[in-house]
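Thank you all for making the time this morning.

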Amino acid sequence: MGKVIAIANQKGGVGKTTTAINLAASLAVLEKKVLIIDADPQANTTSGLNFPPDNDQKRTLYEVMIGQIDVRDALVQTEIPDLRLIPSHINLVGVEIELLEEENRESILKEALAPVRDDYDYIIIDCCPSLGLITINALAAADSVMIPVQPEFFALEGLGKLLQTIRLVENGVNPDLTIEGFVVTMFDGRTKVHTQVVNELKEHFKDMVFKTIIQRSIRLSEAPSHGKPIILYDVVSNGTSNYMNLAREVLEKNEK
């Protein structure tokens, strides 16, 4: 059975979608079968993998979660052979309202993914930057949560609410949920505060912080506008090296 990793942080602009896309792509390049799920109505993961979310799109996570289509009907092939995507659309915002009265509404995504879990080594879920029903569904479906952290003091302050939500999900609908780890993103070694925050994060969370640090990179920020993960946009960039190292660290951790 494939491992499901939710990439979550309720704070926007911390490199969550960048991490989801590039971790998934790197795992696929390392010959793992990977499914990435865009669970954000903004659909940045969808467009970042060269699938512009248009108004006529009817095979997205939204249709899966409301039971209109089977999860297999929403799968699309990306440029990387072992990487598939379930795209998103702005319609996904409607899930919060449409499923409000449903029984087991927190577990709808988990149940929808059940038929394809065995088809993949890793399923990566890019969560939206809020702690609403869609994110709760992602956490309920996940085995673990990876938390991207921008090395700013305000980013550290915001972790408390996310960790509280993870504990609530763990105590309620998903007792097996664990924290995969914290990954530092957008790091600039020339900035003293970045080093201070990383040291503080490691002091507090110790081995839960990934050794790999994602450096700030212009090429990394350019890649989504071209609809490509960094490994296809610039194979020799620091961003490619960083995310390949992160993928290897994830594999090492999960294949012991």
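Let me begin with a term: by a pocket I mean an open set of grid points, on a 1 Å grid over the protein atoms alone, with protein on both sides within 12 Å along at least five of seven lines. Please keep in mind throughout that this is a predicted model.

With that term in hand, the largest pocket here has a volume of about 420 Å³. Its lining is made up of 24 residues, and those closest to the centre of the pocket are Val 14, Gly 15, Lys 16, Thr 18 and Met 186. If we ask which elements give two or more residues to that lining, they are α1, covering 16-29, α2, covering 44-48, and α10, covering 218-222. Of these, α1 gives the most, with 4 residues.

Let me move on to the helices, starting with α8, which runs over residues 159-171. This helix has 13 residues and reaches 18 Å from its first C-alpha to its last, close to the 18 Å expected at 1.5 Å a residue. Its buried residues are Leu 159, Leu 162, Leu 163, Thr 165, Ile 166 and Val 169. Seen down the axis of α8, these buried residues fall within an arc of 155 degrees, so they line one face of the helix. On the other side of α8, by contrast, Lys 161, Leu 168 and Asn 171 are exposed. What covers the buried residues of α8? The cover includes the helices α6, α7 and α9 together with the strands β6 and β7.

One of those covering helices, α6, presents another picture, since 9 of its 9 residues are buried, so it is largely enclosed by the rest of the structure. Among the buried residues of α6 are Leu 133, Ile 134 and Ile 136, as well as Thr 135 and Asn 137.

Another of them, α9, is where we find Asn 199. This residue counts as partly exposed because its relative accessibility is 46%. The C-alpha atoms of Asn 199 and Asp 54, which are 145 residues apart along the chain, are separated by 43 Å.

Ser 225 lies in the loop between α10 and α11, and it is exposed, with a relative accessible area of 63%.

The last helix I will mention is α12, residues 238-254, which has 17 residues and reaches 24 Å from its first C-alpha to its last, close to the 24 Å expected at 1.5 Å a residue. The buried residues of α12 include Tyr 243, Met 244, Leu 246, Val 250 and Leu 251, and also Asn 242 and Glu 249.

Now to the cysteines. How many disulfides does the structure hold? There are 0. The sulfur of Cys 127 has its closest cysteine sulfur in Cys 128, at 6.8 Å, which is too far for a bond, given that a disulfide calls for sulfur atoms within 2.5 Å. Cys 127 is buried, with a relative accessible area of 1%, and Cys 128 is buried as well, at 7%.

I will finish with backbone geometry. Most residues other than glycine have a negative phi. Against that background, Ala 43 has a positive phi of about 60 degrees although it is not a glycine. Its place is in the loop between β2 and α2, and at 1% relative accessibility it counts as buried. Asn 104 likewise has a positive phi, near 55 degrees, and is found in the loop between α4 and α5.

Methods. Residues are numbered from 1 along each chain as its sequence is written. This is a predicted model: local features need pLDDT of at least 70, side-chain atom pairs count only at pLDDT 80 or more; totals for chains, interfaces and linings use all residues. Side-chain values use heavy atoms; hydrogens and water are left out. The expected span of a helix is 1.5 Å times one less than its number of residues. Buried means under 20% relative accessible area, exposed over 50%, partly exposed in between (1.4 Å probe, protein chains only). The arc is that of the directions from the helix axis to the C-beta atoms. Contact means heavy atoms within 4.5 Å. On a 1 Å grid over the protein atoms alone, a cavity is a set of points where a 1.4 Å probe fits but cannot get out, and a pocket is an open set with protein on both sides within 12 Å along at least five of seven lines; lining residues have an atom within 4 Å of a point. Grid points are joined across faces, edges and corners, and a volume is the space filled by probe spheres set on the points.
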